[in-house]
Amino acid sequence: MIELIQPLGFELFERIVVPDEQAEIATQLRKWVGMGIDLICTTGGTGVSERDVTPEATREVIQQEIPGMAEAMRAGSLEKTPFAMISRAVTGVAGRTLIINLPGNPKGVRETLEILLPVIPHTVEVLRGKGDPHEGGKHTEGQVGSHKDEHHH
Amino acid sequence: MIELIQPLGFELFERIVVPDEQAEIATQLRKWVGMGIDLICTTGGTGVSERDVTPEATREVIQQEIPGMAEAMRAGSLEKTPFAMISRAVTGVAGRTLIINLPGNPKGVRETLEILLPVIPHTVEVLRGKGDPHEGGKHTEGQVGSHKDEHHH
Amino acid sequence: MIELIQPLGFELFERIVVPDEQAEIATQLRKWVGMGIDLICTTGGTGVSERDVTPEATREVIQQEIPGMAEAMRAGSLEKTPFAMISRAVTGVAGRTLIINLPGNPKGVRETLEILLPVIPHTVEVLRGKGDPHEGGKHTEGQVGSHKDEHHH
């Protein structure tokens, strides 16, 4: 994921693995949003099983949903696998932070993130222009991983 | 519809015609969800007229919406008719039951159901894995028909 | 916009520029809905900046969302520009009125409206059939412009 994001001028701020609990994910998201992080990418937890609560946690935190990003991710992914339609990924804005739910598997992360790359810098730029209690946006990226096995601490 | 679903290993549990009333549809959906039925397909009631309340009844019952299924149904259907975009069909999960709103006309049912067929067995399998007050999933299908003229009792 | 809509048999009822304030936009929408206007097209205010509140105002007013129209607008637009995915445009029904959020730029208006044109007359026809406190639908179009510079009073 980082290899795709860094060429756009972002640097990794933090990468954290959070248990599949809605409250814990939402708390971590809120913490990063409060810090004025530009972009948060979560991975995993977007399916239909009991543990899949990342969309709910995300929706709890965002003020504006950007449904078209999730639609574009699914539509692009659907050309490769019908299972793309089961992804409940949410994309939206909390404060000045863009939050994107990515799938759990690295191949899916790459495929869906590539769909969004052309619009991420502009979107982040617009969000930085928002009036804000904090001074100046931090050009960094936070990441919540909701599946333990996919991330290094 | 049954000819499409049965080859996947499902058997018809019940087929019921319900009036176009949100409360009655929701009650029937909840009854089947409470029984642990794997899959509920509704037909009709997804348009924009006053009687079209199936999406509202469905949303009232589900805990997780699966927007990508409805998006894929509409996008696939849109290749055949622009009227696909008026369908307000909802797809989601209530308890361990997958609920799918299908269109009212048999041709539309076939076309949209075919789009979902590749992912239905896997989705139902995942849902059966959910912890549950009931013992063991029933491999059967319920069906609410919201238009009287399209179903036999 | 009018050149595209008029050939369908609509006539312009009113064109008003409203500040980018959710309450003011919603008030104007409600006024036209209360008058039984057939179709309201808003322009602009669907992005992710602070001033972009048209989707929120629209969602506040509508009773039924028609997600497939917005999805089709974005999917069609996406073939021309990836920025289509940032549009948070909402389409739905309030009373007997169809409300469509269009983008702010004239080119985007044309492109997305063209996608919807094939289904607008039928949708409006169905909505006119709805029971209603008012007698007989007015075959006219209102328009909220949320960006001052794009409209003439």
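## How the copies meet

Through which surfaces, the same or different, do the copies meet? They meet through different surfaces, because only 12% of the interface residues of chain A are also interface residues in chain C. Please keep in mind as you read that this is a predicted model.

The arrangement of the copies can be described with a rotation. Turning by 120°, with 0.0 Å of shift along the axis, superposes chain A on chain C, and the RMSD is 0.0 Å. That is how a three-fold axis relates copies. If you look for the part of chain A that comes nearest to this axis by C-alpha, you will find Glu71(A), whose C-alpha is 4.4 Å from it.

## A first look at one chain

Read from the N terminus, the order of the elements is α-β-α-β-α-β-α-β-β-α-α-β.

Chain A has 153 residues, and 48% of them count as buried. Take the contacts in chain A with a separation of 6 or more: 80% of these are between residues 24 or more positions apart.

## Where the chains touch

Let us start with chains B and A. Here 17 residues of chain B are in contact with 15 residues of chain A. On the chain B side, α4 (67-78) and α6 (120-128) each supply at least two residues. The largest share, six residues, comes from α4(B). Sorted by class, this side of chain B has 10 nonpolar, five polar and two charged residues.

Now turn to chains A and C. In this pair, 17 residues of chain A are in contact with 15 residues of chain C. The side of chain A that touches chain C draws at least two residues from each of α4 and α6 (120-128) of chain A. Six residues come from α4(A), which is the largest share. By class, this side of chain A divides into 10 nonpolar, five polar and two charged residues.

## Helix α4 of chain B

Is α4(B) largely enclosed or largely open? It is largely enclosed by the rest of the structure, because 10 of its 12 residues are buried. Among the buried residues are Pro67(B), Gly68(B), Met69(B), Glu71(B), Arg74(B) and Ser77(B). Their cover includes β3 (64-65), β4, β5 and α5 of chain B, and it also includes α4 (67-78) of chain A and α4 (67-78) of chain C.

## Helix α6 of chain B

The other helix named on this side of chain B is α6(B). Its buried residues are Ile120(B), Thr123(B), Val124(B) and Leu127(B). Viewed down the helix axis, these buried residues fall within an arc of 95°, so they line one face of α6(B). Among the elements of chain B that cover them are β2 (37-43), β4 (91-94), β5 (97-102) and α5 (106-116).

## Strands of chain C

Strand β4 of chain C, residues 91-94, pairs with two others. Two bridges join β3(C), residues 64-65, to β4(C), and this pair runs antiparallel. Within it, Gln64(C) stands opposite Val93(C). Four bridges join β4(C) to β5(C), residues 97-102, again antiparallel. Here the bridge partner of Ala94(C) is Thr97(C) in β5(C). The hairpin of β4(C) and β5(C) has two residues between the strands, and Gly95(C) takes a positive phi near 60° there.

In a regular strand, side chains alternate between the two faces of the sheet. In β4(C), Thr91(C) and Val93(C) point one way, while Gly92(C) and Ala94(C) point the other way. All of these residues are buried.

## A loop residue in chain B

Our last stop is Asp20(B), which you can find in the loop between β1 (11-17) and α2 (22-34) of chain B. With 18 other C-beta atoms within 10 Å, Asp20(B) is partly exposed. Asp20(B) and Asp38(B) are 18 residues apart in sequence, and their C-alpha atoms are 23 Å apart in space.

Methods:
Residues numbered from 1 in each chain as written. Chains lettered and ligands numbered in written order. Predicted model: local features only at pLDDT ≥ 70, side-chain atom pairs only at ≥ 80, totals over all residues. Least-squares fit on C-alpha atoms with pLDDT ≥ 70 in both. Contact = placed C-beta atoms within 7 Å. Nonpolar A, V, L, I, M, F, W, Y, C, P; charged D, E, K, R; others polar. Buried ≥ 20, exposed ≤ 12 C-beta atoms within 10 Å, placed from the backbone. Arc of directions from axis to C-beta. Pairing = 2+ DSSP bridges.
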